[in-house]
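Please keep the sequence and the structure in view while reading.

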Amino acid sequence: MNASLRTGFAVAGFVIGGGFGLSAQQQPGAQDTSGAGSQRPFVKGGYYDKPFVTRSFGRTAIGGYMEALWKFERTGGVTEAAGFEARRFNIFTHSVIAERLRIAAELEFEHGTEEIKLEFAFLDFEIHPAVNFRGGIILSPVGKFNLAHDSPLNNLTERPIVSTQIIPTALSEAGLGFYGSLFPSAESRLTYEFYAVNGFHDGVLTNGEGTRIAEGRGGLGEDNNPLPSFVGRVAYSPMVELEIGASLHTGPYNRYKVDQFVVDDRRNLTIAAIDWEYRSTQFDVLGEYAYASIDVPPTLRGLFAEAQQGVYAQVNYHLGKGLLRFLPRSRFTVVGRYEFDDFDTELDGDSIQRFSIGLNFRPVEDTVFKLDYVYNWRWNRVEVLERGIGINFSVASYF
């Protein structure tokens with residue numbers, strides 16, 4: 001090869017390798033191994049210098065769950081919905097930062113990708129079993145269902161109405177506080193969670209549909225008023241199979257102060273809840289009751305509900321464990337749930353009563369196929385009754 005050709009290849013090598021910073025020692029993910037900079041990352045603080053990469057993914061776990069369904073709904077003799085729905089695809093991450101530090105997060109994709117949201121993202125500092133710090137975007141401990149509402153856990157397709165309308169699951173809020181466990185005896189346990197959070201906003205009343213607590217779920221950014229809300233839950237388990245919990249969420253929901261100027265009276269929203277759960281090998285009994293009190297401006301009283309309440313009670317009966325020999329961990333569950341929700345306690349109407357029955361099959365514990373039938377009685381604000389039915393077939397699984 002003559003000198004001119006060697007010079008040409010050398011120039012080309014500089015342009016491709018050096019000019020774009022991609023020498024053999026500096027390919028993506030590689031370290032600079034020349035001289036004193038042998039431990040220097042390719043780009044300080046760049047993608048390949050992130051903690052989760054330099055620790056070889058050893059401290060981060062990724063998982064999630066999915067839910068898809070076919071549903072049929074008919075109300076007042078009119079078919080309202082029939083078809084398939086990719087309802088949820090959620091991704092979890094859990095990272096061990098250090099011996100006492102954890103970060104957990106959940107990213108939710110609902111209805112395909114119509115709604116994408118960060119359901120929780122918090123940092124835990126484990127001080128002692130009785131006292132631990134948590135801060136970030138948390139799942140508010142209002143009732144048990146808001147804390148454990150994943151589709152693969154539930155034995156019916158639809159969530160309880162009280163846990164979606166009175167307690168607007170999933171209720172995520174920015175805040176911080178403490179949680180822990182105490183053990184009064186060898187078999188009993190007392191747990192608590194207490195947080196200061198941003199709380200609700202005035203969408204509770206300004207949604208155009210009346211008092212709708214779910215429409216006032218606070219954003220995950222700044223609070224709309226200068227005072228935080230308080231949320232907490234205490235649960236007592238006298239034995240492993242039984243737990244009874246009591247929770248409270250209270251604080252202002254309206255923008256009553258702008259800078260230093262008071263622009264409105266402070267109006268509070270308070271939700272109190274009781275939940276119960278008994279689980280055995282053969283059957284489960286669980287439920288939840290919630291009562292909400294809303295400060296409504298005097299000019300809107302009578303038009304907007306000042307109090308709402310709801311309850312559900314559910315029984316699960318497990319059978320046929322290992323009945324299918326090729327699926328030794330499989331089982332069937334027969335489910336019954338009763339619900340009643342009153343969206344204005346001052347009226348005889350504006351309420352719904354629902355009864356659901358279902359049969360589901362779990363080939364393994366983390367995957368479930370559900371078939372259920374729903375019957376609704378719905379009264380509007382002038383006590384006109386409308387009946388409806390629904391049939392759901394769904395599949396949900398962790399991964």
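**Pockets, cavity and strand pairing**

The largest pocket holds about 1,200 Å³ of space, and of the 46 residues that line this pocket, R87, E158, R159, T164 and Q165 are the closest to its centre. The model is a predicted one, and every value below is computed from it.

**The largest pocket**

- Two or more lining residues of the largest pocket come from each of the strands β3 (60-75), β4 (78-98), β5 (101-110), β6 (115-128), β18 (351-364), β19 (367-379) and β20 (385-398), and also from the helix α3 (162-166).
- Among the elements that contribute to the lining of the largest pocket, β20 gives the most, with 6 residues.
- Sorted by class, the lining of the largest pocket comprises 23 charged residues, 14 polar residues and 9 nonpolar residues.

**The second largest pocket**

- At least two residues of the lining of the second largest pocket are supplied by each of β14 (268-279), β15 (283-294), β16 (307-319) and β17 (331-342).
- The lining of the second largest pocket divides by class into 11 charged, 8 nonpolar and 6 polar residues.

**The cavity**

- The structure contains 1 cavity of 30 Å³ or more, and about 30 Å³ of space lies in the largest cavity.
- The residues that line the largest cavity are L156, T157, E158, R337, S356, D372, V374 and N392, and by class they are 2 nonpolar, 3 polar and 3 charged.

- Strand β8 (residues 172-182) and strand β9 (residues 189-197) run antiparallel and are joined by 8 bridges, with G177 having Y195 of β9 as its bridge partner.
- β8 and β9 form a hairpin, with 6 residues lying between the two strands.
- On to the next pairing, β9 is joined by 9 bridges to strand β10 (residues 229-239), again in the antiparallel sense, and here T191 has A235 of β10 as its bridge partner.

**Strand pairing from β14 to β16**

- β14 and β15 pair in the antiparallel sense over 11 bridges, and a hairpin of 3 residues joins β14 to β15.
- β15 also pairs with β16 in the antiparallel sense, over 11 bridges.
- Y289 has a place in both pairings, for I274 stands opposite Y289 in β15, while the bridge partner of Y289 in β16 is V311.
- The strands β14, β15 and β16 are also among those that each supply at least two residues to the lining of the second largest pocket.

**The side chain of R102**

- R102 is found in strand β5, which is one of the elements that give two or more residues to the lining of the largest pocket.
- From R102, the side chain reaches the backbone oxygen of A98 at 2.8 Å.
- Leaving aside residues up to four places away in sequence, R102 touches H94, S95, V96, F122, L123, D124 and E126.

Key. Residues numbered from 1 in each chain as written. Predicted model: local features only at pLDDT ≥ 70, side-chain atom pairs only at ≥ 80, totals over all residues. Heavy atoms only, no water. 1 Å grid on protein atoms, 1.4 Å probe; cavity = no way out; pocket = protein on both sides within 12 Å on 5 of 7 lines; lining within 4 Å. Points joined across faces, edges and corners; volume = space filled by probe spheres on them. Helix = DSSP H or I, 4+ residues; strand = E, 2+ residues; numbered from the N terminus. Nonpolar A, V, L, I, M, F, W, Y, C, P; charged D, E, K, R; others polar. Pairing = 2+ DSSP bridges. Polar contact = N/O pair within 3.5 Å; in protein donor to acceptor, adjacent residues only side chain to side chain. Contact = heavy atoms within 4.5 Å.
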